[in-house]
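Let's take a friendly walk through this structure, stopping at a helix pair, some aromatic rings and a few backbone details.

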Amino acid sequence: MMERVYNFSPGPSMLAQSVLEKAQQEMVVYGNTGMSVMEMSHRSKMYTDIYDKTVADLRDLMNIPDTHEVLLLQGGATQQFSAIPLNLMVNGKADYIDSGNFAHLAAEEAKRYGEVNIVASSRDDVYTYIPDWKKGAFTPDADYVHITSNNTIYGTRYVELPEVNAPLVTDASSMILSEVMDVSKFGVIYAGAQKNIGPSGLCVVIVRKDLLGKAKDICPKLLNWEVQAKAGSMYNTPNTYGIYLAGLTFQWVKEMGGVAEMEKINIEKAALLYDFLDNSKLFKATAQKEFRSRMNVTFITGDADKDAAFVKAAAAEGLVNLKGHRSVGGMRASIYNAMPREGVVKLVDFMKKFEAENI
């Protein structure tokens with residue numbers, strides 16, 4: 001069998017090998033059920049036991065208070081770009097901070113349902129930093145304030161949260177479980193699974209219970225958080241196998257020492273790569289230093305042909321999916337929870353070799 005590569009894909013991204021091996025062992029027969037998880041009725045006790053443990057483990061990992069509901073829904077984070085205004089726009093107004101492509105798309109979608117105020121934006125500067133929202137004008141009667149905690153394409157992250165009166169909503173897709181979050185500070189946290197949780201097609205939504213029951217009349221039932229909460233995320237058949245794999249990942253994070261320990265590991269991994277970039281004569285990090293992401297490290301050589309040559313040569317060494325997003329080019333190394341330290345070390349060693357041969 002071919003040896004596994006180090007997969008730096010931004011998503012769907014690599015899963016922990018032990019998680020994949022556990023799923024492999026249980027693929028045909030799960031426990032003493034005589035069937036695969038994929039064959040189970042989502043309403044059977046054998047499956048609801050899996051679901052309940054998955055939710056309980058996530059609550060434990062993130063210290064989610066009883067004031068918040070946990071939903072495990074079909075679709076990715078982009079589907080929630082619509083669900084957010086449909087569930088929260090009571091006054092028809094919302095504030096958005098435009099810090100990246102997905103933050104921009106979320107704001108554009110919200111404009112279909114109400115008035116959107118862009119408090120601050122770094123779009124004109126190719127999103128190389130988190131815009132200064134402190135100088136922005138928030139809407140006094142806004143229904144919510146939306147941010148994107150980590151910007152996958154541009155490699156930036158929030159280092160502090162806006163202090164606002166309205167409920168704070170965040171897209172945490174590319175940083176959830178990578179660092180400790182104070183859930184009580186958020187009205188809504190939502191995250192596509194395919195980066196730090198599991199396979200694509202699943203979205204985690206953590207919503208403060210007092211925000212439920214305010215959906216617009218036009219809100220489809222499957223996007224209505226109150227409907228999904230009352231149905232235990234099972235108004236229709238959920239992504240049963242995706243939830244099972246998420247549960248295995250949550251167990252793995254616990255085995256690794258929990259989110260606080262993962263944060264320490266992620267800080268070390270990111271430092272290894274950024275320290276090299278800051279001293280390199282060939283490669284250069286693109287995000288401003290103060291706002292650098294720990295999950296998505298973006299960099300360039302300054303020569304598009306050389307960038308392409310690097311990506312090709314790295315892939316030949318088992319370092320794959322390093323090509324930057326099509327909108328910005330260059331390179332991007334996504335080093336989510338499942339990327340071991342050894343993968344980052346191997347990448348840095350190869351970059352040193354490539355640099356020596358191309359200066």
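Is Ser-233 buried or exposed? With a relative accessible area of 2%, Ser-233 is buried. Please keep in mind throughout that this is a predicted model.

## Backbone details

Ser-233 sits in the loop between α5 (225–230) and α6. Its phi is near 65°, which is a positive value in a residue other than glycine.

Leu-177 also deserves a look: its phi is near 70°, again positive in a residue other than glycine. You will find Leu-177 in the loop between β8 (168–171) and β9 (188–192). Leu-177 counts as buried because its relative accessibility is 2%, and the cut-off for buried is under 20%.

Pro-12 belongs to the loop between β1 (6–7) and α1 (17–25).

## Where α2 meets α6

Helix α2 (residues 45–62) packs against helix α6 (residues 240–255) with their axes 9 Å apart and at an angle of about 40°. That angle makes α2 oblique to α6. The crossing of α2 past α6 is left-handed.

On the α2 side, the residues making the contact include Tyr-47, Ile-50, Tyr-51, Leu-58 and Leu-61. On the α6 side, Ile-243, Tyr-244, Phe-250 and Val-253 are among them. Charged residues take part as well: the contact of α2 with α6 divides into 10 nonpolar, 4 polar and 4 charged residues.

## Aromatic rings

Across the whole structure, a search finds 13 aromatic pairs. One of them joins Phe-283 and Phe-354, whose ring centres are 6.2 Å apart; their planes stand at 40°, so the pair is tilted. Phe-283 lies in the loop between α7 (259–279) and β11 (284–285) and Phe-354 in helix α9 (residues 341–358), so this pair ties together parts that are 71 residues apart in sequence. Phe-283 counts as buried at 2% relative accessibility, and Phe-354 counts as buried at 6%.

Phe-354 also pairs with Phe-310: here the ring centres are 5.3 Å apart and the planes are at 80°, so the pair is edge-to-face. Since Phe-310 lies in helix α8 (residues 304–316) and Phe-354 in helix α9, the pair ties together parts that are 44 residues apart in sequence. Phe-310 is buried, as is Phe-354.

Which residues form one aromatic cluster? They are Phe-276, Phe-283, Phe-299, Phe-310, Phe-350 and Phe-354.

How values were computed: Residues are numbered from 1 along each chain as its sequence is written. This is a predicted model: local features need pLDDT of at least 70, side-chain atom pairs count only at pLDDT 80 or more; totals for chains, interfaces and linings use all residues. Side-chain values use heavy atoms; hydrogens and water are left out. Axes are lines fitted to C-alpha atoms, for helices over the stretch in contact, and angles run from 0 to 180 degrees between N-to-C directions. Helices (H or I, at least four residues) and strands (E, at least two) are DSSP runs, numbered from the N terminus. Angles under 35 degrees count as roughly parallel, over 145 as roughly antiparallel, 65 to 115 as roughly perpendicular and the rest as oblique. A crossing is left-handed if the near helix is turned anticlockwise from the far one by less than a right angle, and right-handed if clockwise. Contact means heavy atoms within 4.5 Å. Ala, Val, Leu, Ile, Met, Phe, Trp, Tyr, Cys and Pro count as nonpolar, Asp, Glu, Lys and Arg as charged, and the others, Gly among them, as polar. Rings of Phe, Tyr and Trp (its six-membered ring) pair if their centres lie within 6.5 Å; planes under 30 degrees apart count as stacked, over 60 as edge-to-face and the rest as tilted. Buried means under 20% relative accessible area, exposed over 50%, partly exposed in between (1.4 Å probe, protein chains only).
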